[in-house]
Structure formats: C-alpha cells, structure tokens
Amino acid sequence: MGGGTIGQRGDAQARQATWQVLIEHHRDVAGRDLRDLFAQDAERGSRFSIAAAGLYLDYSKHLITEQTIPLLVQLAEACGLREAIDAMFAGEPINVTERRPALHVALRMPKGARIVVEGVDVVEQVHHVLDQMRHFADKVRSGQWRGFTGKPIRTIINIGIGGSDLGPVMAYHALRPYAEPNLDLRFVANVDPWDCAQALAGADPEQTLIVVSSKTFTTAETMANAQAARRWLIDALGSDAAVERHFVAVSTNADAVRAFGIDTANMFGFWDWVGGRYSMDSAIGLSTMLAIGPKQFEQLLAGFHAMDEHFRSAPFTANLPVIMGLLTVWYRNFFGAASVGVMPYEQRLSRFPAYLQQLTMESNGKRVMLDGRPVPHATAPVLWGEPGTNGQHSFFQLLHQGTELVPVDFIAFARSATPIGDQQDQLLANALAQAQALAFGRTADEVRAAGTAEWLVPHQVVPGNRPNSMILASELTPFHLGTLIALYEHSVYTQSVIWGIDAFDQWGVELGKLLARTLVPAVQGGELPAQVDSSTRNLLATLAMLADLR
C-alpha cells in the first residue's frame with residue numbers, strides 16, 4: 001500500500017490498522033484454492049450470496065474466507081463509508097473540488113420525497129422536468145407533435161458525447177423490446193464526420209427530431225455535430241424556421257439554445273449537481289423516454305431508486321454495492337489486479353461495458369486524494385468487457401490461462417424477451433460454465449484422465465482460482481436495468497470512499513480539450529501555437545502532406 005493515510009473521513013488510525021491486518025490476511029488467502037474452500041464448506045455457494053432489489057449476487061467464487069468480508073467492512077467503517085453515504089443522500093457537497101453535491105439519487109426519488117439544498121427542494125425540481133419530459137414524449141409518440149411541413153416524427157437523433165451519449169445509447173439497446181416500433185432512434189457522439197453522416201443518412205428531414213444534449217451548449221464535438229445537422233435540415237426544408245419544429249435541447253444555457261434557433265420552451269434542464277456519467281435518468285434520458293414511453297421510464301427510475309434505498313439502508317455485510325465495491329478494493333490493492341472484466345450474457349447489454357468504463361474510470365481514475373495529497377495506493381482498475389458468448393471466442397483464453405489475474409462480473413437473466421428454441425438455455429449454460437471454469441479450472445490429473453498425451457498435458461491445464469461474481473435477474477426490464485446501473489454507481493462510490501478520492505470530478509479530461517482548441521487552427525493550415533513540441537509540429541506537417549495526396 002505504501003505510507004500515508006487512506007482517506008479523509010473516519011478514523012485515520014483505525015484505517016491504517018485495518019489495512020495492515022488486511023495485508024496479513026491477504027498473505028493467508030493468496031495461498032488458498034477455491035476447490036478446497038468449496039470442499040470445506042458445502043453451503044459456501046448460498047452463504048456468499050445476497051438478493052436485493054430484484055438482483056441476486058453470488059460472490060462465492062472469490063478468493064475470500066469467512067474473515068475477509070468482515071475485515072473489508074471494518075475498513076469501510078474506519079473510512080467513514082456510512083457517513084459518506086448519508087452525506088450524499090443529504091445533498092452535502094461531496095464533489096469537493098467543484099464544491100457541490102452529487103445528487104443523482106434525487107433524479108429517481110418519488111414525488112413527495114424531499115432533499116433540500118440551500119433552501120431548495122431538488123426533488124420537486126426534478127419532477128417538474130420529468131413532467132415536462134412526459135408531456136413532450138406523449139406528444140411526439142402520439143403524432144400530435146408535427147414537423148415543419150406537418151408530418152409526424154419517425155426518426156429521433158440524439159446528439160451528445162460522454163454521459164450525454166453513452167447512457168442513452170446503452171439504454172436504447174438494452175430496452176429495445178419496450179421501444180415504440182414506429183420510431184427509429186439514432187445516436188451521434190464522435191466528431192468524426194462519418195458518425196454524423198451515418199446518422200443522417202436515409203433520414204427524412206420532414207420527420208426527424210434532433211435532441212441536442214449539452215449542459216453548457218458549448219461542448220465542441222456536440223455542437224459541431226448539431227451545426228452539421230442544422231445545415232442538413234435547413235438545406236432540405238428551405239427555412240431557418242424549421243429548426244424550432246425539429247430540434248430540442250437538453251441544456252441549461254437558454255441564451256445559446258435560443259441563438260441556435262431552438263424554442264426555449266423545448267429546452268429540458270438539469271443541474272450542476274448532475275454529473276454527466278450519472279445523468280441518464282435526468283433530462284439526458286429524453287431520447288430514452290421518447291423510445292420506451294413515460295410509463296416504462298418510470299419503471300427505470302423505480303429500479304434505480306430501489307437500489308438506492310438498499311444501498312442507503314442495508315447493513316454493509318448484506319449490501320450489494322458495498323460488497324462489490326469492497327471486492328474491487330480487495331483485488332486492486334491487495335492482489336494487484338489492474339483490470340476487471342464485465343461480461344453480460346445478454347446481447348442487449350452490448351453497450352453496458354462501454355457505459356461502465358466511463359462510470360468507473362472517469363470517476364475513480366484519480367491520483368490525488370480529497371486534500372490534494374498523492375494517493376499512496378492504486379485506484380480504479382481498467383474496466384472492459386463484451387457480451388457472452390462472443391468473448392469466449394476471443395479474449396477468454398487470457399482469462400483462463402493467461403498470466404494476469406482479472407476478476408470478472410458475469411451478468412445473466414433467467415428469461416429472454418425474444419425466446420428462440422433452447423438458445424437462452426445454451427446462453428445461461430455458457431455463463432455458468434465459464435464462471436465454474438474460471439474458479440475451478442482443470443488439473444493435470446484430470447487432463448491425463450481424459451487420455452491426453454503427456455507432452456500436451458501442461459498446455460491443457462487450466463489453473464482456476466480466477467475470481468468472479470455472478471449477477472442474476474429474472475429478465476432485462478426497465479426496472480432491472482435501473483437496479484443494475486445503480487448497483488455499479490454505488491459500488492464506484494464505495495471504492496472512492498475507501499481510496500479517499502473525489503469520484504465526481506474529471507479534471508483529467510480538460511487538458512486534452514484545451515489543447516485541441518489551440519490546435520484546430522494549425523490543422524486548418526494556420527499558424528502553430530507559440531509553444532508546440534517537435535513531435536506535434538512534425539505530425540501537423542505530415543498530415544498536411546497526406547491531405548494533399550490523391
């Protein structure tokens with residue numbers, strides 16, 4: 001771990017003492033084998049499992065003993081996790097560097113709940129915007145909202161980037177069975193012109209609605225794409241006035257929205273206490289609501305809220321997000337695991353790992369603590385993943401026989417929304433088999449018993465002892481998607497409290513944006529910035545030469 005304190009909450013002396021005990025405990029556990037642990041405890045599979053908010057978590061295939069979770073919980077208590085949770089739900093400024101709350105939990109609270117921040121009931125504000133969204137979504141979905149030439153909307157294009165794109169596109173793919181079949185949703189994020197061109201290709205401008213999502217309405221990539229879509233629309237319909245009927249904004253900058261040509265009555269606001277990666281259940285979810293309808297969106301919010309309440313109230317030893325967060329700390333800081341895999345055995349969650357990449361790595365990819373001192377231990381692991389069974393035919397080889405320890409989360413659902421023959425059974429069997437194979441592997445004696453030649457035996461041995469969790473639910477519904485996302489949100493927060501870092505800022509992404517703005521004129525053939533390194537200067541010259549090649 002290194003020297004220094006672990007965090008700023010709780011009892012520093014208790015934190016250090018518990019951390020040291022965990023170091024000693026790790027030395028014992030690291031030499032244990034999952035086969036032996038299961039053989040010694042016939043009830044291990046059920047004893048190391050928790051159910052809450054419609055989700056079932058089996059964490060029995062982890063390198064833990066009966067002492068591990070209590071010790072990790074002791075660390076969480078010493079780090080002030082209970083106080084940190086209460087502070088978040090109370091609207092305290094837990095986003096320390098930006099001096100504001102992180103109140104995504106308010107976005108899914110029911111009417112009548114209250115969180116008062118500086119004299120304002122933020123839950124009441126949330127429901128005012130939700131009502132505005134419902135009213136608009138109903139008009140579009142019913143055909144009451146008409147385009148500039150009087151035709152109903154058939155295509156919706158969401159323009160955003162980061163949290164303004166990853167959440168909506170992930171949710172649309174995940175909830176396609178609940179989407180209105182007469183609406184075609186498309187998404188644009190990359191400033192690469194191909195992305196925008198593909199979204200606009202084949203769309204009928206007379207029947208297209210474009211949702212521009214940018215809190216400040218100045219995000220470079222989003223506004224470049226929005227201006228391109230605006231030109232496309234006006235060129236087709238012949239009037240600037242068409243913008244009012246075909247563009248809406250998710251933003252807080254009324255002046256910029258108005259200057260773009262959007263009626264501010266069709267501007268859906270949110271607040272500075274909503275971080276981008278925590279915003280898909282705010283007005284950023286407008287395209288999601290347009291697709292699945294207000295009632296199903298309410299079910300999504302209900303799922304979020306159910307997990308919020310579990311996180312807030314359940315004891316840490318039976319708290320799904322806390323257990324998952326503590327296990328991440330266990331592997332990151334004591335086993336040195338540099339990455340974690342998330343493998344949804346559900347094709348509709350194909351974009352879920354990408355969504356979690358921003359949630360986890362932008363939140364906890366930090367090098368300094370809340371007070372600005374360097375972090376004396378590793379923070380966020382790299383998160384990655386693909387849907388099963390696809391991954392089994394690509395990178396699972398490394399998981400089973402590679403030299404890296406990669407803890408894995410499997411996600412699976414008992415039922416499919418589109419059952420075909422026994423394919424769902426095959427999918428589930430593969431999820432269970434991979435979890436089993438990672439945990440228990442195949443010994444040399446088992447390989448020999450299959451009649452394998454001795455020279456080939458070492459190549460076919462699978463060492464096992466690769467930790468993994470299994471997260472199960474009945475079916476991928478809006479409610480279960482909400483619980484699943486909130487599960488990871490609160491796991492990330494748990495990790496940040498243990499590490500003593502701010503999970504809600506992202507200063508690291510700002511430098512690249514600043515430099516890009518200074519380099520745009522140079523890419524366009526103008527003067528170089530006053531101070532530019534020789535590599536960048538040479539690359540600009542090479543790009544200019546390549547651009548002239550035909």
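## Basis

Helices (H or I, at least four residues) and strands (E, at least two) are DSSP runs, numbered from the N terminus. The model is predicted, so local features need pLDDT of at least 70 and side-chain atom pairs count only at pLDDT 80 or more, while totals for chains, interfaces and linings use all residues. Residues are numbered from 1 along each chain as its sequence is written, and side-chain values use heavy atoms, with hydrogens and water left out.

## Helix α5 and its surroundings

Helix α5 spans residues 81-89 and is followed by Gly91, which has a positive phi near 80°. Buried means under 20% relative accessible area, exposed over 50% and partly exposed in between, with a 1.4 Å probe and protein chains only. In α5 the buried residues are Leu81, Ala84, Ile85, Ala87, Met88 and Phe89. They pack against α4 (68-78), α13, α14 (320-334) and α20, contact being heavy atoms within 4.5 Å.

Helix α5 packs on helix α13 (residues 294-313) at about 140°, with the axes 9 Å apart. Axes are lines fitted to C-alpha atoms, for helices over the stretch in contact, and angles run from 0 to 180 degrees between N-to-C directions. Angles under 35 degrees count as roughly parallel, over 145 as roughly antiparallel, 65 to 115 as roughly perpendicular and the rest as oblique; α5 and α13 are therefore oblique to each other. Arg82, Ile85, Met88 and Phe89 of α5 meet Asp308, Phe311 and Arg312 of α13. By class, this contact has 4 nonpolar, no polar and 3 charged residues. Ala, Val, Leu, Ile, Met, Phe, Trp, Tyr, Cys and Pro count as nonpolar, Asp, Glu, Lys and Arg as charged, and the others, Gly among them, as polar.

## Nonpolar cores

A nonpolar core is a set of buried Ala, Val, Leu, Ile, Met, Phe, Trp, Tyr and Cys residues joined through side-chain atoms within 4.5 Å. The largest has 127 residues, of which Phe352, Leu481 and Tyr488 touch the most other members. Helix α20 (residues 478-499) gives the most to this core, with 11 residues. Apart from it lies another core of 25 residues, including Ile159, Leu237, Val243 and Ile262.

Beyond its neighbours within four places in sequence, Phe352 contacts Met170, Val342, Ile411, Leu484, Ile485 and Tyr488.

## Helices α15 and α20

Helix α15 (residues 352-364) packs against α20 at an angle of about 20°, the axes being 10 Å apart. The two helices are therefore roughly parallel. Among the residues in contact are Phe352, Tyr355 and Leu359 of α15 and Leu484, Tyr488 and Trp499 of α20. The contact comprises 9 nonpolar, 5 polar and 1 charged residues.

Gly365 lies in the loop between α15 and β11 (382-384). Its C-alpha atom is 8.4 Å from that of Ala503, 138 residues away along the chain.

## Backbone exceptions

Most residues other than glycine have a negative phi, and most peptide bonds are trans. Phe217 has a positive phi near 60° and sits in the loop between β7 (208-213) and α9 (220-237); with 4% relative accessibility, Phe217 is buried. Asn465 also has a positive phi, near 60°, and belongs to the loop between α19 (457-460) and β13 (468-473). Asn465 is buried at 17% relative accessible area.

A cis peptide bond links Gly388 to Thr389, with omega about 10°. Thr389 is in the loop between β11 and α16 (396-401).
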